[in-house]
Structure formats: C-alpha cells, structure tokens
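Here's a quick briefing on a structure, grouped by topic. Have a look at the model first.

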Amino acid sequence: MNFICNFPFFSILLSLFSGTVCSMLPAKAAKVVNRVVIITVGILSAILLLYLLSTGEPFVYWMGHFPAPWGNEIRAGVLEAGMALFFCIIMYLSMAGGAHKLYGEVVESKHNLYYILVNLLLCSLLALVYTNDMFTAYVFVEINTISACGLIMIRQVGRTIEAAVRYMIMSLLGSGLLLFGLCIMYDLTGHLLMSNIKESVSLLVANGEYQIPLIVSVALMCVGLCIKSALFPFHAWLPDAYGYSTVSSAAILSSLVSKGYIFLLIKIIYRVIGFDIFNSTRIIDVLFVFGLMGMIFGSISAIRENDIRRMIAFSSVAQIGYIYMGFGMGTQAGMVASIFHILSHAATKSLLFIAAIGLTDVSNGSRKFIDLTGAAYRNKWAGAAFMAGSLSMVGVPLFSGFISKLLFSQAAVQVEGKMLASLIVLGISTVLNAIYFMKTVIRIYTPVKESSYSGITFREMKGYAVVLVCFIVLNVILGVSSQPVVNMIEQGLAMFA
Amino acid sequence: MYLILLPILFPILSGAILLIFFRTSLKGNEKAKRKTLVIISGSLLVITALLTITALLTAKESFTLFYLTETLPITFAIDATGTLFSLLAVIVMLCAGFFSFAYMKHEDHESRYYGYYLLVFGVLNALCFAGNLITFYLFFELLTLSSMPLVLHNGSKEAVMAGLKYLFYSLCGAYAALFGIYFIYRNSTTLTFTAGGVLNPSTVAEHGSFLLLVAFVMILGFGVKAGMFPMHAWLPTAHPVAPAPASAVLSAVIVKAGVLAIIRIVYYIFGANFLRGSWMQTAWICLTLITIFMGSMLAYREPVLKKRLAYSTVSQLSYILFGLAVMNDTSLTGGLLHVLAHGFIKAVLFLCAGAIIYTTGKTRVDELRGIGKEMPLTIWCYTIVSLGLIGIPPTGGFISKWYLATGSLKSGLPILDVLGPVILLVSALLTAGYLLPVTIQGFFPGADYDYGKLEKQEPSKLMTVPILIMTVLSVLIGLFPNLITDYLTAIVSAVL
C-alpha cells in the first residue's frame, strides 16, 4: 500500500491532536497552529486527490489490524479527497477573513478555545468525509455538533446563547433520529461498516424481507440529517445561529457544517442503502417536495428580513433546498448538480458573510439596511465582493451559481414527472433571490450625501481584501471552468459504487 | 482573429478602469478634471467605434473565447444581422456619447456615467457578435446589469426604484428565456445560430406542440426587453428617469437587444417554417398589435415629454416585432428597416428632449410654447424625425411602414392580415397626435404669446451636431432605401 494512503488518517489525527495542543498554547500560537494545520491538511488532501486521479481506484484503509466485518475502516475516493480539499480552502479563507473580528467579539482569554473548536470541527468534518463506518460517522456527527455549538456560543451575547441552545436541541434531535435509524439498520443487517450493510440491504430487498423497518430506518436517518442541515421546515435554528455568531463561525457553519451532514447523507445513499434502492422509495419524493418548499419559503423569509446577516442566513435555507431538490430528482445528473451546488454555495455563502461584515463594520456595526446605505463606498472591496457574491447567487453567467442552476435544470429536463415543478420553482426562486440580493446591492451602492460613518482604506485591511479576492476568484473559477469539477464529481460518484 | 474581441474587451476594460481609478487618481481643480475626463472618455469612445468598424469589416471567422462547460462554448461570430445592429449601436452610441459630454455638465458622478456607458458599448457589441444562444444569454444578462446604473444615475428615490423595476422585469424575462434555452439545449444538435433553425426534425415531430409553448415563453421573456405587452411597464418608468443621452441609448439601442434576441430565437434557433401558421404566431401578432395601439394611446395622453417618448418606444418597438411575427420576406424587411429608422429617430427625439431640459429645464409638453422660436435648429430636427416616425414620405419611417403593411396584407393570415395595417394607420395618426403638438406650439405659440421674453437658447454645437447627424441619417434612409433593402434582402432570403 502506498504511503499516500495514510493521508486521510493523518489529516484526521493531525486536526484532532492539534485541537488538544491548542488548549495549552497562548492565543497567538494557537492561531498559528490552527492555520498551519488547515494548510497541511489541505496539502495532504490535494496530494491524495492527485494520487487518486492518477490511479483511478478508491482505496480502503484499515484502522487497526482487524479485517472487514469487525475492524474500523477509512475509505477514500476522488470525491472524498476533493471535498476535504475544498473544505480546507473554505475554512482557511473564512478563518482569515474573520480574524480581525475575533478580537472585538470574543474575549481575549477564550481565543485558544476558539481554535480548539475549529480544529475539532475540521477533524469531525474530515472523519465524516472519509469514514466507512456508520458508527464512527455517528460519533463524529456528535463531535461536530458540540464544536459547532461552541463556535456559536463563543461570542457571549444573549442572542448567541439562545441560538446555541436552540441549535443544540435541534441538532441533538437530528442526531438522535440518526442513531435510531442506525440502530434499526444494525438490527436488520448486523453490520456497521457501510460496504457490509449495503450487501445485506440489497439481499433484504431482493428477498423482499423487512421492507417496512428498512424504510423506517432510511427515513429516520434522512430526517435526522435533514434537521441537522437545516432543510425547510427544520430551519428555525438557523437564522439566529448564523446571524449572531462571530463571522468566521457563521461562514464555517453555513458553508461547511451543514455540507458535512449533506455529504454524509450522500454517502449513506450511495454506500449504505444503494442509489437504486434509495430511489425506489418514496423518500426521494418527500425530499423533493421539501426541497422545493425550502427554495421558496427560504427566499421569502429572506426578503422580509431587515438585517443583512439574517438575510444571508435565510438565503442558506433556500440554497439547501436546491441541494435536496437535486437529491429528490433521483438521477445521477441531479446528484451531480447537488454536489456541485454544495461547492458553489459554500464558496458563495462564505464570501457573502465575510463581505457583509466588512459592510457592517463601516456602518457603525449596524446590520439594518437603512444604515448600510452607501456602505459599498466606505469599504469598496467588501462592496465589490458582496456584489460578486450576489450575482453568483442570482445566477448570472460567469459565476458559479449559474453553472449549478444550469446543471439543476439539465437534470430536471431528464426527469419526466418532476420536470415542470422543478423548473418553475427554480425560476421563481431565482427571481426571489434576485429581489433580495439586488435590493441589498443597490442599497449599499446608493450614495449618501454626508455620511456620519468613516470609511476604510485598502491599507487598513490588506489581509481582509486579499481573502475577498480569493473568494471571488474561487467563484469565478467554479463558474468559468466547471467542466473539470463536474468530471471529478462524476468520477467520484462512480467510485462510490 | 482577435480583432473580433477588441470591440468587446476594449470598452469593457476601459470602462472598468474609468470606474475604478478615475475619481482617486486625478489632481487639480474641478474644471480641469472634467476636461480631462471628457477628453479621455471621448477618445475611448472613438477608439471603440473604430475598433468595431474594423472588426465588422475584417473579422470573418468565428472565435471561441472559452468553454463554459464541455458543450457550451462562448463564441463570437459576425453575421449580417449582427452587423446591422452593431452599426446602429456604433452610430447612436457615438452621437449620444458626444451629446452627453455637453449634457452631463449639470449632473454629478460623471466618471461613473462614462464608465458604465463604455461598459454598455462593449456588452452591446458582444451581443451583436454573439455566435450562439448561450453567449447571447450571457451578455443579455450583462447588458441589463451594466445599463441599470445609467437608469438610476441621479440616485434619487424615484430613479433607484425605476432601476429596480427595470432590473426585476429584465431578470424575470431573461429567466423565462433561460427556461426555454434548457429545452432547446436538450432538443437540438447545437445552440449555434444557424439561419433556418437548429431543431432536430425528430424532436419537432415528437414534442412539436410543447416546443411551440417554449418558443412563446421565450418570446415573452425576451420581449420584456423590447417592451412588449404585457411586460412593458418598466419601460415608461425607467427610460425617462435616466439622463437624456442615456434615455436615447436605452430607447434606441438597448431595447433593440430584445428585438435582436427575438430575431435570433425565431429565425436562427426555431426557424420560421416551424413557427409559421401556429397558434403561437397568432398569439404573438395579437400581442404586438395590442402593444402598438396601447403604446400610442398612452403616449397620446401623457403630458411629460420624455415619458411620452418612452410610451412611443413601446408602440414603435412592436411595429418591429409585428414585422418579425408575420414572418414573410416583406414584413421582415420592414421590421429590420424599422430597427434602423426607429433607432435614429428615437435617439434624436430623446436628445432633443434632453437639449430642451438642459437649456430651459422644462419637461412638460404644455410648457413648451414658443420653444421653436428659442431653439429653432433643435425643434426643426425634432419635427423632421417626428414626420419620419409618423411615416410621411420621404423619411425612413414611411418606407419601413410600407413594407410592414404590404407584408401583412400578403401574409394571408385570417383577419390579422387586414387588421394589422388598420392598426398601423390608427397608430400613425396617434403618433402625429402626440409628437406634433411640440412643433405646433413651438413654432406657432399663438397671438397671446409674449414674444418679448423670447431669447436665443440654442444649445452648444456638442449637442446640436449629433442631433443633426442622426436626423440626416434618418432622412437618408427614406431617400435611398434601396441601399439598405438590398442588404436586408440578403439577410431575409437566408433565414426564410
């Protein structure tokens, strides 16, 4: 076995232990450790990705010395490695973009605590991406929840504590349901490793045994993960959690944490239940309907919002709806579109959060639209970045959002029964997106005669501006040269089989 | 080969540079600053125009810039239809651009205006040169985005709301069209514009009726930009609030992007043979006739001059769409001819309105008594092009309407073949009714008018010369129509 095959294990372990190390370090050193770890993991994932692309074969890695049905396993394919790399990029940029706000919003003595949480979160995300074992997945789902709660709560104002409690309750409900589903699945199949469960499940389906418990188990797991990834109507925890936490947390939560759960769901669909068996259940119709409703209601809530951060948060509900709509189509093309949208939304949403903070900072910290008037002139880089993010969200060509809409609609045209519904809702939701994002863009670009707020120049925020530019470039790359990415997603999905 | 890219990239880049760097990088007092700005923008504008004409004359091959996805190239190619629209765009953009150097003196944020003006120029060129539907769509969206700042230029509440309205209508329309692009993408061999259409015969046999619906939705969607009923309401709101030269560009060129879009999908994607005689054609013709009549009616009742002209644009654009919808050679020639005629005429009308606003500050038609005595040259030009728009020979409007009416009569469509010319005539009457009062009251203010307070208020040469040039052009179209109709015949015979 090639040495590179150790990399997934190294990345998980590295981020886990660096978390522990951070607890003993002063804040500055913890920050450095955190950055170094994210970069290292990113590089490891990139090498792994290249290796997998060259071999074209996924590999399974034993954790310990026990073979398949007993031991714990890690599994890596192109999609896993690519996701890990992408998560690292987004996490690094979000941390770098929000670093300056951390000093204002989090007590100095708790900074290293913050980095512990981020490292733990990275560790759990990587584990969710790589693991081949359902129970390990469950354990890291819990770790993920706990660190996410910490990230919300670390900025200690009333709203965040309330938001964290809310998030905790909803998330635990989600993981509880996941655990129920898992128990039933274990009961039915006697296995915890994904590949083994899949064999047993296909056997059960072929023999027509235990149909209802099987469906119930799948449904429980789906609902559990839907709650955790804030699919409509389980999104009530989301606006406060994203809206009031410190900005890096918001960016990470919206673009990575929810995506980690969705990725786990994809793995469950492909690796545990089997794509065809999953599609033959009615669950995909339910996901489809709730996806569509999320697309519309999320946007409507966003339109009614008067707070820029909460508006962006509500827009996440709509975007998660897109992803589930792709699942609900029940085709390979729909799945590819959803995975592309995971990437596209992660790149865009974190950009919007980071840009919004630049705008609110030059408006005396106020997030109300009335105060944001003309903010783009006071912080030009944030204004331009917010506009780029908005255009991507609205789906203007050249940005990533257009490609994901294109992929969704191409997928929709292939599904006879769901074509009209998805295209119409796609259209409505795009227009709704346009309403609230363009409203905001115009608001921040409306000139004010005399502003009581002072602007900020490039010299005072070099690091921040560079992060914004990186985000925009990432968006444009996804929008202009999407074909390699789509090819990689298809290759990765093929490796799931 | 790269020549085709220059008229697109150069104005876009120079516009962006103007937008980003101009305000901070200049020293000196306001007047000197303005002079530099005008000189820079003017030369950029002229260079762009020269580049465009060079590209039109020399670039023959198509050029693929990059691939959006494996099967979606961003391609530029110049064909006869694109050349026609591009020429109109160059002339109007140049004239209105020079007009704005004088006009924009009394507005703020001049550098922003010129920056977006250049952006719009580049995007318009890209639209004319777009070689396939996806490229076209890309720049159609960009056109909306880059022209919106021209609408909300003065930043007042009214202007911003008008800009938003423009944005929403345009985006909704574009998405309706995108909805159709998905279907075509799936049901055709290519998205490249090909005279006669690109649909697979097998698809037509299988999904024929559904494709008609798709075509109708796309025409409605792109028709938003061309102010077609029922999605015309943005136009009379958005055009008047922009600075006058920007209104001229909006009314004369940018709305033509919607017309070009419809030409492209009807004649280069679906193919006229597929659509002719279907319910879709009937419905479309009805919509255009409703728009023609309604636009003229609304213009007739409107007291504010610029708004009146905007309603007139709604009506006149549907003349063009009517010509496209009838789908025979004569009507199509008429429609294309009216693209040119209306482009020049409407630009002159808006620039005249701008000159009046600039010198006197008057916006309502009933305030304009005696204006002809004060600004004789401007109002003479106004009168000449008005006659053209009404359709009195020997001006350009007469020829195009002649073709439209005869095309309609020989189309053989039940009822509509006669109803069309009737409505065209009624509307021509209304056009006279809403345009000529300015002339009549301007030159003949009546016996009770106090001639003593008249003063010479003719605007500067920078304003009158562009108006004069386009007036002459609009008359030339009417005097020597064969030059153009020969050119149009080539287009028409290729696509029909």
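Angles under 35 degrees count as roughly parallel, over 145 as roughly antiparallel, 65 to 115 as roughly perpendicular, and the rest as oblique. This is a predicted model, where local features need pLDDT of at least 70, side-chain atom pairs count only at pLDDT 80 or more, and totals for chains, interfaces and linings use all residues. Residues are numbered from 1 along each chain as its sequence is written, with chains lettered from A and ligands numbered from 1 in the order in which they are written.

**A helix pair in chain A**
- Helix 8 (residues 211–228) of chain A packs on helix 10 (residues 247–273) of chain A at about 165°, axes 9 Å apart, so the two are roughly antiparallel.
- Their crossing is left-handed.
- Among the residues that meet are A:Val218 and A:Met221 from helix 8, and A:Tyr261 and A:Leu264 from helix 10.

**Helix 5 of chain B**

**Where B touches A**
- On chain B, 20 residues are in contact with 20 residues of chain A (C-beta atoms, placed from the backbone, within 7 Å).
- Strand 1 (63–69), helix 5 and helix 6 (157–187) of chain B each give two or more residues to that side.
- Helix 6 of chain B gives the most, with 12 residues.

Notes: Two residues are in contact if their C-beta atoms, placed from the backbone, lie within 7 Å. Helices (H or I, at least four residues) and strands (E, at least two) are DSSP runs, numbered from the N terminus. Axes are lines fitted to C-alpha atoms, for helices over the stretch in contact, and angles run from 0 to 180 degrees between N-to-C directions. A crossing is left-handed if the near helix is turned anticlockwise from the far one by less than a right angle, and right-handed if clockwise.
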